[in-house]
Amino acid sequence: MAGIKNVLKGSHDYTLYKKRKSLVNRPQNMYNKKQNQRLAFDGGSYMKYDTQQCRLTYKEELAPGVFDFRLQNQAFAASAQPGQFAHLLVPGKPLRRPISICDVDQKADTLRLVFEVRGEGTQILAQYQVGDCLDVLAPLGRGFTIGDTSRRALFVGGGIGVPPLLYAAKQFGVNATVIIGFRNRDAVILKKDFEQAGCRVILHTDDGSAGRGGFVTESCREELENCEQVFACGPAPMLKAVAGQAQERCVPCQISLEERMGCGVGACLVCACKIRKADGSEGYLHVCKDGPVFDAKEVVW
Ligand SMILES: Cc1cc2nc3c(=O)[nH]c(=O)nc-3n(C[C@H](O)[C@H](O)[C@H](O)COP(=O)(O)OP(=O)(O)OC[C@H]3O[C@@H](n4cnc5c(N)ncnc54)[C@H](O)[C@@H]3O)c2cc1C
Ligand code: FES
C-alpha cells in the first residue's frame with residue numbers, strides 16, 4: 001500500500017475527489033484555521049470534522065471477511081462520540097466509504113472500526129496492512145444521546161450493525177443488556193468486548209449454532225420489561241421491529257440508520273431519509289448530518 005496516494009493522484013478519481021472537496025467547502029461551511037477543522041452549519045450547532053491521515057496500528061480478521069482496524073489519530077480519538085462514523089477514502093474510488101466508530105481508546109489515541117467486506121471498496125480497504133496510512137474524514141454525524149448511564153439500557157444489534165453499539169454500551173457497563181444476532185456461530189463478533197465492559201450479553205444466531213436460535217426481536221420483547229431506553233443498529237426490518245416493540249411499551253428508542261452516501265457532510269443530498277416531525281407532517285433529513293442516529297419515532301419506514 002506504499003504507493004496508494006500516488007495511485008489516486010493523477011487519476012480521474014483524484015479530480016473527482018478534489019471537486020467533491022470543493023463542494024464540502026461551499027459557503028454554508030466555514031473553515032476554522034486555528035483548529036484546522038471544517039465547521040459545517042447543521043441548523044443550530046456546529047459539527048466539527050476534519051480530514052487526516054491515520055496510521056493503521058492493529059488489524060485482525062474477527063470472522064471471515066470482517067476486519068477490525070485501529071487507526072491512530074489523537075484529535076479524532078479525543079472528539080469522537082458513540083454512534084458517529086468515519087468516511088474512508090478508497091484508492092481508485094471517487095466516493096468514500098462510511099464506517100461507524102466501534103470504539104475509541106483515548107490512551108492509545110485510536111479509533112476502532114469494524115467492517116465487513118461487501119464490495120470492491122471494502123475489499124480494497126481490507127488489503128491495508130499495519131503501518132499503512134488511511135485518509136479519514138471524521139468524526140461525522142450525530143451519534144447516540146447517552147444521558148444518564150445509571151438508567152438501564154437495552155442495546156440491540158444485528159450482524160454488522162453490532163459494532164456501532166460497542167462504544168455506547170461501554171458507557172453503561174453493568175447497566176447495559178446487549179442482544180446481538182448473527183447468521184451463525186462463525187459470524188459472531190465482539191461478544192467478549194461487550195462482556196469485558198460489564199454488559200450482560202444475550203447472543204442469538206439464526207440457525208441456533210450458538211446462543212439462542214432465532215431473531216434478536218424474540219429476546220428484545222422480554223428484555224424491554226427491564227429497561228428504560230433502547231439503542232439499536234442493524235438491518236432495516238430488525239430496526240423497524242425493535243422500534244415497534246419499544247413504542248408499544250413507551251420506551252424511548254434511538255436507532256442508527258444506514259443509507260448510501262456521497263459527501264458524508266450534508267452537501268450532496270444523496271442520503272435523504274423520510275422523517276415525521278413533531279407536528280405530524282413529513283419531511284426529509286440527511287442521514288450523514290442529522291443522523292445516522294435518529295429517534296425511532298421520527299423515522300417513516
Ligand atoms: C453511517 C454508516 C455507517 C456504517 N458503518 C458500517 C460499519 O461499521 N461496518 C460495516 O461493515 N459497514 C458499515 N456501513 C456500510 C458500509 O458503508 C458499506 O458496506 C460499504 O460502503 C460498502 O462499500 P463497497 O465498496 O465494499 O460496496 P459496493 O456495493 O461496491 O459499494 C458501492 C457504493 O455503494 C455504497 N454502499 C454499498 N452498501 C452500502 C451500505 N450498506 N450503506 C451505505 N453505503 C453503501 C458504497 O459506499 C459505495 O459508494 C455503514 C454505512 C453507513 C451509511
Ligand atoms: S452524503 Fe452527501 S448529504 Fe449526506
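The legends below cover close-up views of a predicted model. Local features need pLDDT of at least 70 and side-chain atom pairs count only at pLDDT 80 or more, while totals for chains, interfaces and linings use all residues. Residues are numbered from 1 along each chain as its sequence is written, and chains are lettered from A and ligands numbered from 1 in the order in which they are written.

**View 1. An open sheet of seven strands.** The strand order is S13-S12-S11-S10-S14-S15-S18, with mixed pairing. Strands are DSSP runs (E, at least two residues), numbered from the N terminus. Two strands pair if DSSP finds at least two bridges between them. Strand S13 (212-213) and strand S18 (293-295) are the edges, each pairing on one side only.

**View 2. Strand S15 beside S18.** S15 spans residues 253-256 and pairs with S18 in the antiparallel sense, over three bridges. Ile-255 has Phe-294 in S18 as its bridge partner.

**View 3. Helices H7 and H8 across the strands.** Helices are DSSP runs of H or I, at least four residues. H7 (residues 216-223) lies across S10 (153-158), S11 (176-182), S12 (200-205) and S13. H7 runs at about 165 degrees to S11. H8 (residues 236-248) lies across S10, S14 (229-233) and S15, at about 170 degrees to S15. Axes are lines fitted to C-alpha atoms, for helices over the stretch in contact (C-beta atoms, placed from the backbone, within 7 Å). Angles run from 0 to 180 degrees between N-to-C directions.

**View 4. Thr-57 in strand S3.** S3 covers residues 46-63. Not counting residues up to four places away in sequence, Thr-57 touches Arg-70, Gln-72, Thr-110 and Val-130. Leu-71 is 14 residues from Thr-57 in sequence and 6.0 Å away in space, C-alpha to C-alpha.

Notes:
Contact = placed C-beta atoms within 7 Å.
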